[in-house]
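Trainee: I am new to this structure. Please show me how to read its features.

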Amino acid sequence: MAAEEESNSLQYTPTWVVAVVCFFFVLISLVAERALHHLGKILKHKQQDALFEALQKLKEELMLLGFISLLLTVFQGLVSEMCIPTYYVSTVLLPCKKHSEGKTPEKHFPRAINHRRRLFSTEAASDHCSREGKVPLLSLEALHQLHIFIFVLAVVHVIYCLITMVLGGARIRQWKQWENEIQGHLNDRHVDEHHTSFVQHAKGWRKTAILSWTMSFFKQFHGSVTKSDYTALREGFIREHCPSNPRYNFHDYIMRTLQVDFKKVVGISWYLWLFVVMFLLLNVKGWNTYFWLSFLPVVLLLIVGTKLEHVIIRLAQEMSEMKERGETAQVKPSDEHFWFQNPRIVFFLIHFILFQNAFELAFFFWILCTYGFHSCIMEKLGYIITRLIMGVIVQVLCSYITLPLYVLVTQMGSCFKEGIFKEHIHSTLTTWRSGPRDQGSG
């Protein structure tokens with residue numbers, strides 16, 4: 001065995017094989033790097049600073065993945081040589097039950113065997129532990145598969161967020177027509193008519209919280225954002241934050257905030273990595289963890305959507321009460337309408353929902369390609385179909401309902417967001433603010 005392993009080492013491999021393989025890996029890496037660099041130059045040229053920062057965030061994630069890959073490669077020999085008692089790997093928290101002695105692993109996992117790639121010999125580590133009456137903590141094959149899963153998860157998350165933001169952005173761009181119509185009727189009764197329609201939200205609902213929340217739940221599926229909603233929230237924002245500029249382009253502003261949020265959503269935060277670790281731990285045979293997990297993003301999306309619709313209703317109720325008191329009726333943005341008086345909680349929930357759904361899809365395709373459709377980890381066919389349907393529902397709900405609602409309604413907080421200034425003005429202000437500090441430090 002030792003002689004066979006030595007003959008397969010790099011020192012006995014033909015140099016032309018090493019050179020060719022190395023050349024193609026370097027070529028692919030350089031092409032990818034130059035493509036990202038060129039995309040960054042295009043975004044800077046078009047003054048898309050928020051999208052450029054999102055690209056930089058993507059590069060950071062790629063660097064993190066590279067570092068994780070390096071750690072797994074460097075320490076794989078050390079991990080595989082760690083030995084633990086057989087009991088802990090044969091009976092405790094197993095994703096699949098151990099096959100019987102009469103059946104070989106090849107009969108249970110033919111796809112895994114056929115596609116196996118060994119970075120080093122697994123027999124050496126196994127022999128090392130067997131002499132002590134123990135087994136390896138994690139085999140080299142398992143380490144390699146974990147390595148692939150982390151990469152697949154990150155790629156699926158980025159692609160999924162990109163699709164969601166593109167579809168959501170397309171839905172929000174439909175409001176551009178409303179913005180143009182409002183800009184052309186600033187001096188007419190047009191806005192007042194929409195205010196009257198907006199206040200209708202409050203009639204009959206103020207006395208019963210149950211009815212108010214129920215209507216909020218169902219409204220997100222039909223007419224989640226109407227022209228009256230957009231008009232009233234737009235005017236309330238402008239009167240609160242831009243009173244001297246009634247022609248402020250509110251639609252361009254919310255599109256910029258969407259780009260700013262995208263650069264944060266595309267990243268994988270530390271608490272999301274903890275989520276991955278936790279659910280890898282809970283992937284136990286018979287628990288059907290990932291089946292039940294598939295319902296979590298749908299439930300959270302419905303809760304978030306209901307809350308955002310309820311904020312609109314509360315704002316309409318306040319306008320109705322102002323009219324009854326003979327005051328000037330207008331929307332009053334305030335953090336008090338949001339959970340714990342913090343609109344950013346909605347963003348964190350949406351970020352978690354997108355990542356969790358990406359995790360579901362990534363895990364499904366990774367299992368499919370690694371072990372095959374009939375792997376015990378795949379669970380029953382009914383569970384698989386349900387999980388895929390839940391993933392599609394989350395994609396549709398988040399893109400066309402929850403994300404547009406979030407972009408509009410969270411502007412009703414006490415503070416405006418980073419995108420209130422255009423990209424070149426924001427860059428100038430950032431440079432101006434940091435200038436005295438840099439000069440002082442120099």
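This is a predicted model: local features need pLDDT of at least 70, side-chain atom pairs count only at pLDDT 80 or more; totals for chains, interfaces and linings use all residues.

Trainee: What share of the contacts in the chain with a separation of 6 or more comes from residues 24 or more positions apart?
Mentor: Contact means heavy atoms within 4.5 Å. Residues 24 or more positions apart account for 81% of the contacts with a separation of 6 or more. Residues are numbered from 1 along each chain as its sequence is written, and side-chain values use heavy atoms, leaving out hydrogens and water.

Trainee: Is S212 buried or exposed?
Mentor: Buried means under 20% relative accessible area, exposed over 50%, and partly exposed in between, with a 1.4 Å probe and protein chains only. S212 has 3%, so S212 is buried. S212 is found in helix α11, residues 209–219. Of the chain's 442 residues, 42% count as buried.

Trainee: How many helices and strands does the chain have?
Mentor: Both are DSSP runs, numbered from the N terminus: helices are H or I with at least four residues, strands are E with at least two. This chain has 19 helices and two strands.

Trainee: How do I read two packed helices?
Mentor: Two packed helices are described by the angle between their axes and the distance between the axes. Axes are lines fitted to C-alpha atoms, for helices over the stretch in contact, and angles run from 0 to 180 degrees between N-to-C directions. Take α13 (residues 250–265) and α18 (residues 381–409): their axes come within 10 Å and cross at roughly 115°.

Trainee: Which residues of α13 and α18 meet?
Mentor: From α13 come F250, I254, T257, L258 and D261; from α18 come L403, Y406, V407 and L408. They divide into seven nonpolar, one polar and one charged. Here Ala, Val, Leu, Ile, Met, Phe, Trp, Tyr, Cys and Pro count as nonpolar, Asp, Glu, Lys and Arg as charged, and the others, Gly among them, as polar.

Trainee: And aromatic rings?
Mentor: A pair of aromatic rings is described by the distance of the centres and the angle of the planes. Rings of Phe, Tyr and Trp (its six-membered ring) pair if their centres lie within 6.5 Å; planes under 30 degrees apart are stacked, over 60 edge-to-face, the rest tilted. The count comes to 31 aromatic pairs. F347 and F348 form an edge-to-face pair, 5.8 Å centre to centre with 65° between the planes. F347 is buried at 5%, whereas F348 is partly exposed at 40%.
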